[in-house]
Amino acid sequence: MATFGKGTTRRVAIIGGGLGGLSAAIHLSLKGFEVTVFETNPQVGGRASRLQVDGFTFDTGPSLLNYPWVFKELFQAAGRRMEDYVELLPVDPSIAFFWLNGDHFQLSSNLRHLVQEVERLREGSTPGLMAFLADAAEKYRIAFDKLVCNNSDHLLPWLGSLSWFELLRMRFWRSLDGELGRFFRDRRVRDALGSYGMYLGGSPRQLPGIFSILPYGELALGLWLPRGGIYGLVQAVERLACEMGVHILTSHPVRKILISGGEVSGIELKDGRVESWPIVISNVDVPTTRHQLIEGPANGRRAGRTLAMTPSVLTFYWGTRGKVEGVGHHTIFFPSNPQQAYWELIEQHRIPRELPFYLSIASKTDPGLAPAGGSTIFILVPVPILSRLGERNLDDLCGSLQDQIFHRINNHGIALDKRDIVAQRTLLPTDWAERFGLYDGSAFGAAHTFFQMGPFRYPNRDKAIKGLYYTGASTIPGTGLPMVILSGRMTAERVWGDVC
Ligand SMILES: Cc1cc2nc3c(=O)[nH]c(=O)nc-3n(C[C@H](O)[C@H](O)[C@H](O)COP(=O)(O)OP(=O)(O)OC[C@H]3O[C@@H](n4cnc5c(N)ncnc54)[C@H](O)[C@@H]3O)c2cc1C
């Protein structure tokens, strides 16, 4: 493995000011590195950016914030308190699930409420729920103590810290759906708790059972919205980075990572300027970095093995004049058979015949996001990645999906009319790809199938180019806001481990 000699200049260029890049920047700055972040967009945050339309404030992508301890630790590492930078508002009940036939189910961190909900769906479900919570709590502890933040490139050292008992407990060989089935007989509860799989790029029948820690983490530690939306948290992290001495250059697109003699030598900006840097961390999606940013005619070949990617998304942002009754902050609309929809989307790479989608009304928790009396509505529709979407006219597709969404919402008795919308924007899969450099328009980056986890996932240090590192959703530990904050720390640890 290519490492540095003592005395290597402690200067680092980070390409991309997503949360992964900002976290790496803060941690390296704390170790005395001189860090500059080059961000192509006029604002930092990447997928977690902000759209402001006619007085309505929308988060572009992430809307669900969990594992607040990860963010608190970032501020603590810098000797600060997160509460002094951003306020986190609890969202409870957290997520509601609606099925096509009118069935519904609601998650909550309030155990009494949760018990009532599982019993309402199927009497006698409480012992299963309690056993699930106890089992997932133990998995969660083992995963975060020993696996998630383990910067190991090989399977044996990665798993080596686990006892036999802990290894068996993680249920790597069982599917998430199978694992949920050990505790819940009701299909709807399994569908709801398995729905996190969509963000990981697999159906609950494909993803490993260890991912039962996702619904557990949300139930046990709560679901949150930063005041001002998710972007309120991004601004807090950006402020922390600036206070730590990180130099952030927005509207600075990087065209190439320059390589000389198998080592990084610098970067070339889109305006043609060349800068010399001994260490470069790319926060741009790993496959995009390897296909498009690494210098040389063979850069396409450097992409190496083909990664399985998570689906793309089509997102709608609607500002309405009135309140939207009959629905809470977070709602997932399931088709009659969610397993069929996963199969169509993830295996067949087509838009499911019965559309699953997610709706978020952040102004229910933070009314300041909309003008007085109004609502901010965000809708996310998962669609296949661009190479699988084919030559479809995306504007036509948008219109037809929008019609299906209104039809479905109104069928559940939620009073929302197209005429209520006074401000709107849409991001197509092509917009996601172009604005943020998302490979093939994949929204959440490399999928989390067993062979793309831990030491099998794309590593955060380039195997062949000395001085080149990666951070963010497609490298370790994985996708999601807390994970990319941890990714930044892990990449920083790699760099200072190599340099110091
Ligand atoms: C629609 C959607 C909904 C989501 N919902 C959730 C959720 O509810 N909860 C959750 O936890 N996670 C969610 N996620 C996932 C989460 O947003 C990501 O995992 C996380 O934000 C990725 O951060 P990152 O730092 O890896 O990358 P990014 O945020 O993609 O940052 C990469 C940065 O690099 C910049 N860049 C790209 N190319 C260049 C270049 N050539 N030069 C300079 N800069 C460049 C980009 O502009 C961007 O700022 C969602 C994602 C999407 C898309």
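Two strands pair if DSSP finds at least two bridges between them. In this predicted model, strand β13 (residues 279–282) meets that condition with β19, because three bridges join the two strands. The chain as a whole has 18 helices and 19 strands. Its radius of gyration is 22 Å, close to the 23 Å that the globule rule gives for 500 residues, so the chain is as compact as a globular protein of that length.

**Overall dimensions and packing**

- Taken along the principal axes, the box filled by the C-alpha atoms of the chain is roughly 65 × 55 × 45 Å.
- Buried residues make up 51% of the 500 residues of the chain.
- Among contacts in the chain with a separation of 6 or more, 71% are between residues 24 or more positions apart.

**The five-stranded parallel sheet**

- Five strands form an open sheet with parallel pairing, in the order β9-β2-β1-β13-β19.
- The edges of this sheet are β9 (247–249) and β19 (468–470); each has a single partner strand, so one side of each is left without a neighbour in the sheet.
- On average, and with direction ignored, neighbouring strands of the sheet are turned by 20 degrees against each other.
- Strands β13 and β19 run parallel and are joined by three bridges.
- Within this pairing, V280 has L468 of β19 as its bridge partner.
- Helix α18 (residues 481–499) packs on the sheet and touches β1 (11–15), β13 and β19.
- The direction of helix α18 makes about 160 degrees with that of β19.

- Strand β15 (residues 330–333) runs antiparallel to β16, and four bridges join the two.
- In that pairing, H330 stands opposite S360 of β16.
- Strand β17 (residues 375–383) also runs antiparallel to β16, to which three bridges join it.
- S360 has F378 as its bridge partner in β17.

Definitions and conventions: Residues are numbered from 1 along each chain as its sequence is written. This is a predicted model: local features need pLDDT of at least 70, side-chain atom pairs count only at pLDDT 80 or more; totals for chains, interfaces and linings use all residues. The radius of gyration is taken over C-alpha atoms; the globule rule is 2.2 Å times the number of residues to the power 0.38. A residue is buried if 20 or more other C-beta atoms lie within 10 Å of its own, exposed if 12 or fewer, and partly exposed in between; C-beta atoms are placed from the backbone. Two residues are in contact if their C-beta atoms, placed from the backbone, lie within 7 Å. Axes are lines fitted to C-alpha atoms, for helices over the stretch in contact, and angles run from 0 to 180 degrees between N-to-C directions.
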